[in-house]
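Subject: Structure handover

Hello,

Here is the structure for your files. My notes on it follow below.

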Amino acid sequence: MKECPLIIQNLSVAYQKKPVLRDISFEVPEGQLIGIIGPNGAGKSTLIKAALGLLPRLSGEVLIYGEPYAQQRQRIGYVPQRESIDWDFPTSALDVVMMGRYGHLGWLKRPGREERRIAMECLAKVGMMDYADRQISQLSGGQQQRIFLARALAQDASLYFMDEPFVGVDAATEKAIITLLNELKQQGKTVLVVHHDLNTVKEYFDWVVLLNVSLVAAGPVDQTFTTDLLQLTYGGRLTILDQHNPASLITS
């Protein structure tokens, strides 16, 4: 029997006593691309950070393959929001990607020839091998996002969390990212993605989590990404353009 990649039970988080997530519980299936969907302020990024232990929880439990995060760090890859990263830090693209190998090396070993080879392969997969020696501050937004995807690849994780990887990238980078996500899925990896563009949900994802402080629904796209559940998630901020096609919508 396969272990469940992620189980969240009764998770609550608050900022300055204001609830940001309230009593969230769901499980995700293995080997799926999963979109985390909801309006601004719904707690989508908070959900990822709380699952990774980056934010304190008021209550609840998060299990990664049946164990707490601390016991499963090596099995997890994380791509944070671009805006949360100090892009002026003096390091090269290759060095950033090699950081993804540190969990496999342990504290005392320094990355060597094998880690460099793996890092270069990951850069090649995201079309950035020619930029290996470039300082990250000299890269465009889309290029920087590709570097952090390459770092996540270098981790060789089983479960990936990606916080808005499509925001601020050009069409070519978006296509490269979704191609990469599908390759991870084909390898049996599980990927959770905070995502804003409702019009691409059906095209990109197998499964969705609909969130607005509380959990609205979680399940396969064809059963969960529906007009009724989207209206519950977005309320008056959602305009359905085509009642027969929930993907044809806008938020305001």
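Does Phe205 count as buried or exposed, and at what relative accessibility? Phe205 counts as buried, because its relative accessibility is 4%, where buried means under 20% relative accessible area, exposed over 50% and partly exposed in between (1.4 Å probe, protein chains only).

This is a predicted model, in which local features need pLDDT of at least 70 and side-chain atom pairs count only at pLDDT 80 or more, while totals for chains, interfaces and linings use all residues. Residues are numbered from 1 along each chain as its sequence is written, and side-chain values use heavy atoms, with hydrogens and water left out.

Overall: the protein chain has nine helices and 11 strands, taken as DSSP runs numbered from the N terminus (helices H or I, at least four residues; strands E, at least two). Of its 252 residues, 52% count as buried.

Aromatic rings: two pairs are counted. Rings of Phe, Tyr and Trp (its six-membered ring) pair if their centres lie within 6.5 Å; planes under 30 degrees apart are stacked, over 60 edge-to-face, and the rest tilted. Phe166 and Tyr204 form a tilted pair, because their ring centres are 5.3 Å apart and their planes are at 35°. Phe166 sits in the loop between β6 (159-163) and α6 (171-186) and Tyr204 in helix α7 (residues 201-204), so this pair ties together parts 38 residues apart in sequence. Both Phe166 and Tyr204 are buried. Tyr204 and Phe205 make an edge-to-face pair, because the centres are 6.3 Å apart and the planes at 75°.

Cores: a nonpolar core here is a set of buried Ala, Val, Leu, Ile, Met, Phe, Trp, Tyr and Cys residues joined through side-chain atoms within 4.5 Å. The largest has 47 residues, and those with the most contacts inside it are Val97, Leu123, Ile147, Met162, Leu181 and Val191. Helix α5 (residues 141-155) gives this core its largest share, seven residues. Leaving aside neighbours within four places in sequence, Leu181 is in contact (heavy atoms within 4.5 Å) with Leu33, Met162, Phe166, Val191 and Val193. A second, separate core has 27 residues, including Phe26, Leu47, Ile64 and Trp207.

Helix α9 (residues 227-234): its buried residues are Thr227, Leu229, Leu230, Thr233 and Tyr234. The face turned away from the buried side carries exposed Asp228 and Leu232. Just after α9, Gly235 takes a positive phi of about 60°.

Regards
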